[in-house]
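Dear colleague,

I am passing on the structure we spoke about, with my notes placed after it.

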Amino acid sequence: MSDCRMTWQLTTDLAAFDEATGAFLTAEPTRNTLLLSIPSVLRRRGPNAFGDATPRFGWFEDADGNVCG
């Protein structure tokens, strides 16, 4: 039986988010339009492009450490 546990990974580091999720998100760009577009705006306009709060980024990893959401 496979291990179905998933773990949230959270960061305020946009570069870490890009590194962890880049391949997963770009594999299906249409499905992940918002998750690709919002960080793109933050890269261009800075971390406060959408308000004063520091953005947080998150993704799911499966039991093997693969990004799955």
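**Contacts, core and an exposed loop residue**

The side chain of E61 makes a polar contact with the side chain of W59, at 3.2 Å; please bear in mind that this is a predicted model. E61 lies in strand β2, which covers residues 57-62, and it counts as buried because its relative accessibility is 19%, under the 20% cut-off. Setting aside residues up to four places away in sequence, E61 touches R5, M6, T7 and Q9, as well as N66, V67 and C68.

W59, the partner of E61 in that polar contact, also belongs to the largest nonpolar core, whose seven residues are L14, F17, L25, L42, F57, W59 and V67. Helix α1 (14-26) and strand β2 each supply at least two residues of this core, and α1 gives the most, with three. V67, another member of the core, is in contact with A20, T21, F24, W59, F60 and E61 once its neighbours within four places in sequence are left aside.

F50 sits in the loop between α2 (33-45) and β2, and it counts as exposed because its relative accessibility is 57%, over the 50% cut-off. Even so, F50 touches I38, V41 and L42, not counting residues up to four places away in sequence, and L42 is one of the residues of the largest nonpolar core. The C-alpha atoms of F50 and P39 are separated by 11 Å, with the two residues 11 apart along the chain.

With best regards

Technical notes. Residues are numbered from 1 along each chain as its sequence is written. This is a predicted model: local features need pLDDT of at least 70, side-chain atom pairs count only at pLDDT 80 or more; totals for chains, interfaces and linings use all residues. Side-chain values use heavy atoms; hydrogens and water are left out. Helices (H or I, at least four residues) and strands (E, at least two) are DSSP runs, numbered from the N terminus. Buried means under 20% relative accessible area, exposed over 50%, partly exposed in between (1.4 Å probe, protein chains only). A polar contact is a pair of N or O atoms within 3.5 Å; within protein, one must be able to donate a hydrogen and the other to accept it, and residues adjacent in sequence count only if both atoms are side-chain atoms. Contact means heavy atoms within 4.5 Å. A nonpolar core is a set of buried Ala, Val, Leu, Ile, Met, Phe, Trp, Tyr and Cys residues joined through side-chain atoms within 4.5 Å.
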